[in-house]
Amino acid sequence: TEPQLKLCLNDLTYYCGDIPLSTSDTVTYYRETVTTKSCTICLVKSPNKINRLYGTSQPLNRGLADDIDRGKVTPSDPPQDLARFLVDEYKWDVESARKVWCFGPRNTGPNVLVDMTKTLQYLDEIKNSVQIGFTWVMSEGPVAGEEVRGVRTNFVDATLHSDAIH
């Protein structure tokens with residue numbers, strides 16, 4: 001807390017022979033997260049309302065966000081190594097561990113997008129757009145506009161127009 005920080009600075013100044021220290025105002029960073037698995041499937045519509053994406057969110061396994069931050073697992077890891085890590089260390093099922101699309105925000109953050117769809121047509125055509133949207137949402141959370149941390153988002157279904165222009 002701020003009072004404790006001021007006491008520490010006073011002690012530091014005293015023990016360093018009264019050397020003046022230059023400090024700035026303290027800044028507190030907030031993070032948004034989810035605490036339980038979502039009980040409903042959320043819908044996102046494209047601006048023209050033709051394409052629809054469906055998904056759920058849940059907290060990441062305890063410790064996984066820290067492992068991502070420390071670089072124990074990264075999005076640049078080979079997919080089979082990433083999947084093996086998630087299965088061995090965090091007891092993910094093999095199918096979802098193999099279908100991690102990206103991390104976010106900034107493609108390296110402590111949030112994961114998992115493709116949980118079953119045989120969906122045109123998925124490769126929208127994958128990049130979905131990843132960009134995911135990293136954007138993770139950088140500006142839905143409640144306070146702060147970065148999101150420790151969330152697994154499951155992309156479960158989509159209704160897509162067959163014409164790629166839409």
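Hi everyone, let's start with two strands: β2 and β5 pair in the antiparallel sense, over eight bridges. Strands here are DSSP runs of E with at least two residues, helices are runs of H or I with at least four, and both are numbered from the N terminus. Two strands pair if DSSP finds at least two bridges between them.

Before going on, this is a predicted model, where local features need pLDDT of at least 70, side-chain atom pairs count only at pLDDT 80 or more, and totals for chains, interfaces and linings use all residues. Residues are numbered from 1 along each chain as its sequence is written, and side-chain values use heavy atoms, without hydrogens and water.

Now find R52 in β2. In β5, T159 is the bridge partner of R52, while K45 also stands opposite R52. β1 and β2 run antiparallel, joined by four bridges. Their hairpin has six residues between the strands, and there K49 takes a positive phi near 65 degrees.

A pocket is an open set of points on a 1 Å grid over the protein atoms alone, where a 1.4 Å probe fits, with protein on both sides within 12 Å along at least five of seven lines; lining residues have an atom within 4 Å of a point.

Which element gives the most to the lining of the largest pocket? That is α5, with nine residues. β1, β2 and β5 each supply at least two. In total, 39 residues line this pocket, and V44, L53, V130, G133 and F134 lie nearest its centre.
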